[in-house]
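Please consult the sequence and structure shown below.

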Amino acid sequence: MLDIEGMNAFHGDFQALFGIDLHLEPGETLALIGANGAGKTSFLRALCGLTRAQAGRFALNGQAMLPLEAPARARAGIALCPEGRRMFSSLSVAENLMLGGRIGRQGPWNMDSVCSLFPILREFAQRPAALLSGGQQQMVAIGRALMANPALLLLDEVSLGLAPVVVDELHDALVRIRGEGMAIIFVEQDIARALRQADRFLCLLEGRAQLAGPARGADLAAIGRAYFGET
Ligand code: ATP
């Protein structure tokens, strides 16, 4: 359903990605790993149209994505939960979630199903998002992306800066949202956790795909070498 061949991405004159290939089936989960500056965020932003990209092929469910601007890609089924959450902090939790629902597609995710996934959001629905803890805000950010009913959900470092118990809770939720035909690409610094959660992994190094394969049975030593660019 996601078909990418030879993707390059650019920040102005700076080329951040070089010739990335990726094919994902509905329901598949990919862990995107790599050191700081490897190009993980650039890749997610290139997919949703926020960073300029070129590719030999980039299609979602057969529809060419490159000609589409970011809002049209959201309508086509790509949703990003960005690093740093980016809440509308003066809006309530419910209003933040509703905004996610306005740009996407129809499907199983709505206020009710998101609040079943993260029950605390039902309790805090009318609170300004700014008053929530970091972990709760991250739940709002994931919920907001889900409200768009994406075919492809992109999650950028949802664990960053959160207490381990909160990270466990978020990752449990990710296990529950897998399947149902939605493909997921997530960036995670904890490689062991990433491999437990994912079907496949892709390790970037300086904008290039350094190593990729099935997560189950992956060779951790080889991933470590790919991560640090050791030969
Ligand atoms: P991190 O783990 O630190 O978030 P990353 O793997 O997500 O890193 P990117 O943020 O995609 O990496 O950065 C890839 C490269 O692109 C880096 O060299 C970075 O300096 C550069 N870069 C990222 N954003 C911009 C920008 N807006 N303008 C110029 N260069 C950028």
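In this predicted model, the largest pocket has a volume of about 510 Å³. About 170 Å³ of space lies in the second largest pocket, and the largest cavity has a volume of about 40 Å³.

**Largest pocket**

- The lining of the largest pocket comprises 19 residues, and those nearest its centre are Leu-50, Leu-80, Pro-82, Ile-103 and Arg-144.
- Two or more lining residues come from each of helix 2 (70-76), strand 7 (78-81), helix 3 (93-103) and helix 6.
- Helix 2 makes the greatest contribution to this lining, with 4 residues.
- By residue class, the lining of the largest pocket consists of 14 nonpolar, 1 polar and 4 charged residues.

**Second largest pocket**

- The second largest pocket is lined by 16 residues, of which Arg-105, Asn-149, Pro-150, Glu-180 and Met-182 are the closest to its centre.
- The lining of the second largest pocket divides into 8 nonpolar, 6 polar and 2 charged residues.

**Cavity**

- The model contains 1 cavity of 30 Å³ or more.
- The largest cavity is lined by Thr-29, Leu-174, Arg-178, Ile-184, Phe-186 and Gln-197.
- In this cavity lining, 3 residues are nonpolar, 2 are polar and 1 is charged.

**Packing of helix 6 and helix 7**

- Two packed helices are described by the angle between their axes and by the distance between those axes.
- Helix 6 spans residues 134-147 and helix 7 spans residues 164-177; the two pack at an angle of about 15°, and their axes are 10 Å apart.
- Because angles under 35 degrees count as roughly parallel, helix 6 is roughly parallel to helix 7.
- The crossing of helix 6 and helix 7 is right-handed.
- On the helix 6 side, the contact is formed by Gly-135, Gln-138, Met-139, Ile-142 and Leu-146; on the helix 7 side, Val-166, Glu-169, Leu-170 and Ile-177 take part.
- The residues of the contact between helix 6 and helix 7 comprise 6 nonpolar, 2 polar and 1 charged.

Methods:
Residues are numbered from 1 along each chain as its sequence is written. This is a predicted model: local features need pLDDT of at least 70, side-chain atom pairs count only at pLDDT 80 or more; totals for chains, interfaces and linings use all residues. Side-chain values use heavy atoms; hydrogens and water are left out. Axes are lines fitted to C-alpha atoms, for helices over the stretch in contact, and angles run from 0 to 180 degrees between N-to-C directions. Angles under 35 degrees count as roughly parallel, over 145 as roughly antiparallel, 65 to 115 as roughly perpendicular and the rest as oblique. A crossing is left-handed if the near helix is turned anticlockwise from the far one by less than a right angle, and right-handed if clockwise. Contact means heavy atoms within 4.5 Å. Ala, Val, Leu, Ile, Met, Phe, Trp, Tyr, Cys and Pro count as nonpolar, Asp, Glu, Lys and Arg as charged, and the others, Gly among them, as polar. On a 1 Å grid over the protein atoms alone, a cavity is a set of points where a 1.4 Å probe fits but cannot get out, and a pocket is an open set with protein on both sides within 12 Å along at least five of seven lines; lining residues have an atom within 4 Å of a point. Grid points are joined across faces, edges and corners, and a volume is the space filled by probe spheres set on the points.
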